[in-house]
Every structure is written in C-alpha cells, then in structure tokens.
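Good morning, colleagues. Please bring the sequence and the structure up on the screen, and I shall then take you through several local features in turn.

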Amino acid sequence: MALTVYCWPHLWNLPSFDPDCLAAILYLQLAFPANYSIVECIDPDISPSGALPLLVHNSTKISGVSSILTYLSSLDRNSNEWTHGTTTLPNLDETLSNEQKAKSVAWKAYINTHVSNLVVRSPLFLKAKKIIKTT
C-alpha cells in the first residue's frame, strides 16, 4: 500500500483519539477504501512538522490534516498509481453545489474550533494521553 497514515493510538473504539487523525482516516476511508494503512504512533517527531497525522505516499511526507486532505484530493482515485497532480477527481466535494461547499467549509471550521477543543480538554483525553506517555 502506497498510502500510510501515522496517527495517535486508538481509543474508545475509534482508530485514533485525535480529531485531526480521525479526519484524515475518514477521508482515506471514503476516498481510498481498503487502499491505505494506519500506523499507530506516539512519536510526532517522525513528522516534518512535529505533529500527527502524517501521511506517507511513496517518498512524499505530508503532515497536518489540512495539508493531507489537500494532497489526497489532488490524487486520481481511479488509478492504482495515484498520480499526484491529476484533476480527474479533484475531491470528495466535487458534486456539491457552491452553497453546499460553503457550508462544508463552515462546518469544518466550526468543528475544528469547538469540537476538537472539547476532545483535547476532556478528562478522558487527558487521562489517555498520560497512559500513552507512560507506556
């Protein structure tokens, strides 16, 4: 598999406890079903930016959920080679109207601002983070 995403470990029956990692995994699941792998990681220093998620595609490394989604949306999902820079299938939002695209951007911003803070500040998250750091 040429697409590998490095994410914080799973928790609560989710593939990762981190909202950004979950967003990257969900996009991969929708755009490239069964054509990617997830590697649990507790060392963000493997990433060029020092943050997870990290996507590795052949020799390309992309970190940060927005950069990952931008990169993935530029790949041709119909090709087994997943050539970067093709415009055949620009992204999962290609069939949305302009109004729906605007709502999509607004919801992503809202979720990033409000929901991720709830997860990051929750007692369960803080406890999980301590457990992971001590193992």
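This is a predicted model: local features need pLDDT of at least 70, side-chain atom pairs count only at pLDDT 80 or more; totals for chains, interfaces and linings use all residues.

In which strand is Ser63 found? Ser63 is found in strand β4, which covers residues 60-63.

Setting aside residues up to four places away in sequence, Ser63 touches Ser47, Pro48, Ser49, Ala51, Pro53, Leu54 and Ile68.

One of those partners, Pro53, calls for a comment of its own. Pro53 lies in the loop between β2 and β3, and the peptide bond that leads from Leu52 to Pro53 is cis, with omega near 15°.

I turn now to the overall arrangement. The chain has 4 helices and 4 strands. Along the sequence they follow the pattern β-α-β-β-β-α-α-α. Of the 135 residues of the chain, 33% count as buried.

Next, the pairing of two helices. How do the axes of α1 and α2 cross? Helix α1, residues 19-31, and helix α2, residues 65-73, have axes that come within 9 Å and cross at roughly 10°. Angles under 35 degrees count as roughly parallel, and α1 is therefore roughly parallel to α2. On the α1 side, the residues that meet α2 are Asp20, Ala23, Ala24, Tyr27 and Leu28; on the α2 side, they are Val65, Ile68, Leu69, Leu72 and Ser73. By class, the residues of this contact divide into 8 nonpolar, 1 polar and 1 charged.

As for α2 itself, its buried residues are Val65, Ile68, Tyr71, Leu72 and Ser73. The buried residues of α2 pack against β1, α1, β3 and β4.

As a general rule, nonpolar side chains in soluble globular proteins tend to be buried together. In this model the largest nonpolar core has 24 residues, and Leu3, Val5, Leu28, Phe32, Leu55 and Leu72 touch the most other members. At least two residues of this core come from each of β1 (3-7), α1, β3 (54-57) and α2. The largest share, 6 residues, is supplied by α1. Consider Leu28 in particular: not counting residues up to four places away in sequence, Leu28 touches Leu3, Val5, Pro33, Tyr36, Leu55 and Leu72.

Leu75 sits in the loop between α2 and α3 (98-121). The C-alpha atoms of Leu75 and Phe32 are separated by 9.9 Å, although the two residues are 43 apart along the chain.

Let me return to the strands. Thr4 has its place in strand β1 and counts as buried, at 13% relative accessibility. Ser37 belongs to strand β2, residues 36-40, and is partly exposed, with a relative accessible area of 23%. Leaving aside neighbours within four places in sequence, Thr4 is in contact with Ser37, Val39, Leu54, Leu55 and Val56. The C-alpha atoms of Ser37 and Ile25, which are 12 residues apart along the chain, are separated by 9.2 Å.

I close with two backbone angles. Trp12, in the loop between β1 and α1, has phi near 55°, a positive value in a residue other than glycine. Trp12 counts as partly exposed, at 37% relative accessibility. Asn58, in the loop between β3 and β4, likewise has a positive phi, near 55°. Asn58 counts as exposed, at 56% relative accessibility.

Thank you for your attention.

Methods: Residues are numbered from 1 along each chain as its sequence is written. Side-chain values use heavy atoms; hydrogens and water are left out. Axes are lines fitted to C-alpha atoms, for helices over the stretch in contact, and angles run from 0 to 180 degrees between N-to-C directions. Angles under 35 degrees count as roughly parallel, over 145 as roughly antiparallel, 65 to 115 as roughly perpendicular and the rest as oblique. Contact means heavy atoms within 4.5 Å. Ala, Val, Leu, Ile, Met, Phe, Trp, Tyr, Cys and Pro count as nonpolar, Asp, Glu, Lys and Arg as charged, and the others, Gly among them, as polar. A nonpolar core is a set of buried Ala, Val, Leu, Ile, Met, Phe, Trp, Tyr and Cys residues joined through side-chain atoms within 4.5 Å. Buried means under 20% relative accessible area, exposed over 50%, partly exposed in between (1.4 Å probe, protein chains only).
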